[in-house]
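Reader: I have a structure open and would like to learn how to read it. Could you take me through the features one at a time?

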Amino acid sequence: MAFSLVKYFGLSTTFDPLHKNLFSSKPCVSSFFSKKIALPKCNIMSKKPLYISAVSGFGHVNEPNESKSRDPLVQCNAYEASRPPISIEFDEETKIVAAHKFKIGLYFATWWALNVVFNIYNKKVLNAFPFPWLTSTLSLAAGSFIMLVSWATRIAETPKTDIDFLKALFPVAVAHTIGHVAATVSMSKVAVSFTHIIKSGEPAFSVLVSSLFLGQTFPLPLYLSLVPIIGGCALAAVTELNFNLTGFMGAMISNLAFVFRNIFSKKGMKGKSVGGMNYYACLSMMSLLILTPFAIAVEGPKVWALGWQNAVSQIGPNFIWWVVAQSVFYHLYNQVSYMFLNEISPLTFSIGNTMKRIVVIVSSIIIFQNPIQPVNALGATIAIFGTFLYSQAKQLEKFGKKDE
C-alpha cells in the first residue's frame, strides 16, 4: 500500500549507491494520513531536469488499457515569417486631423524659414547699399511681378475685385507701405535683432490705438500683459550697444503703422471673398503704386546709380543676387503668412508670430555675430514673453465675450 501511494504521487525513496539498494529502510512518506510529511529527508537524485509533458496528463496515472494519445489542451501554431504583417487602419476623421496638423506644421516651418532668409539678405543689401526706400520698392515690385505672372499663366486664380474692394484696400495699403518702409529704415541703421525686439512691442501699440481711437476697453489681465512688453523693450533699448535713434524710431513707427493696417483690414474687408494669397498680391501692387513716387522724391535715381556702382564694385556680382533674394523672399514670407491666416486661429497665429521673432533674433545674432549683453538678452526675453502673455489674455477676452 505504501509503495502504491509513493508511485501514485510520484515520490521516490532514498537511493543508496554503496549498498545498491533501490529503496531505503526509511520511506519519505511514512503514512498517507500522517499530519507531518518529512520532505526534507527525501533525496531526489536526478541529474536531468524534470518536464511536464502535457497539461492533460499532469497528476494522472495511465491505466494499462488507456490510450496514450490525448488531445492537448493548449494548441500552439507556428506561422511562417513570410506572412504579411498586421495592418492598422485609421478612420477617415483621424486621417483628416493628422493631415491638417502636418499642413499647419509645414506652414510654420515655411513661414519662419522664409522670414529668416529675407532678414539675412535684406541686412546684407542694406549694409552694402544703404537706400531703404529703393530696397522697399524693389520688394513690392518683385511680389507684384510674381503674382502677375501667376495670374497670366493660370497658376493662381485671378481675384474678382471691384471699386468697393479697392476703396477698402487703399487705407490698408497706405498703412502697409509706411510700416514696410519704416521697418526697412530701422534695419538699415541698427541690427536685425534690435529691430525685431522693438517690433515685439506691437501689442502695446494695438491696445493704445484701440483705446484712444476706437474707445475700446480691455480686461485687467490684458493690460497687465503690456507691462513686461514695455519693460522688456525699454531694457533692451537702453542696453543696446549699437543704439541708433533713427533705427529705434523706424521700428516704433512700423509698429504703429501695422496696427492701423490690421484695424483697417478688419473693418474694410468684411464680407470680401478674396483669398489670402490674392489679397496680399493686391495689397502689394497698391503699395507699390503709393511708394514709388515717394522713393524717387526722397532718394532719387542719381543717388541709386552711384550707390549701385559702389556696391557692385565692393561685393561683385553676388550683390545682384542678394537684391533678388531679399525682394523675392519678402513677398514669399508675407504671402505664406496671409495664406496661414485662413488655416489657423488668431491666437495660434500670434503665438507663431512670437516664435518667429525668436527664430529671427537668434539667427541674426549667430550669422552676423552681433555683440549682445546679458542685460540686453534679458530685456528681449521679457518683451517676447510679454507678447505671449498678451496673446493668451486676448484669447481669454474673446472667450469672455462669447459667454456673455
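Author: Let's begin with the surface. Accessible area comes from the Shrake-Rupley method with a 1.4 Å probe, and for residues only the protein chains shown count as cover. Here the protein chain exposes about 25100 Å², with carbon and sulfur atoms supplying 66% of it. Please keep in mind that this is a predicted model, where local features need pLDDT of at least 70, side-chain atom pairs count only at pLDDT 80 or more, and totals for chains, interfaces and linings use all residues. Residues are numbered from 1 along each chain as its sequence is written, and side-chain values use heavy atoms, with hydrogens and water left out.

Reader: How many helices and strands are there in the protein chain?

Author: Helices (H or I, at least four residues) and strands (E, at least two) are DSSP runs, numbered from the N terminus. This protein chain has 13 helices and 0 strands.

Reader: What share of the residues of the protein chain count as buried?

Author: Buried means under 20% relative accessible area, exposed over 50%, and partly exposed in between, with a 1.4 Å probe and protein chains only. Of the 404 residues in the protein chain, 39% count as buried.

Reader: Which residues have the most contacts inside the largest nonpolar core?

Author: A nonpolar core is a set of buried Ala, Val, Leu, Ile, Met, Phe, Trp, Tyr and Cys residues joined through side-chain atoms within 4.5 Å. The largest one has 33 residues, and those with the most contacts inside it are Trp-111, Trp-151, Leu-169, Tyr-279, Leu-283 and Phe-340. Two or more residues each are given to this core by helix 2 (92–128), helix 3 (132–152), helix 4 (163–189), helix 9 (276–298) and helix 11 (318–341). Helix 9 provides the largest share, 10 residues.

Reader: Which residues is Leu-283 in contact with, leaving aside its neighbours within four places in sequence?

Author: Contact means heavy atoms within 4.5 Å. For Leu-283, the partners are Leu-169, Val-172, Ala-173, His-176 and Tyr-338. There is also a second, separate core of 11 residues, which includes Val-125, Phe-129, Phe-131 and Leu-134.

Reader: Is Ser-254 buried or exposed?

Author: Ser-254 counts as buried because its relative accessibility is 0%. Ser-254 lies in helix 8 (residues 245–268). Not counting residues up to four places away in sequence, Ser-254 touches Gly-179, Ala-182, Ala-183 and Lys-199. Ile-178 is 76 residues from Ser-254 in sequence, yet their C-alpha atoms are 6.9 Å apart in space.
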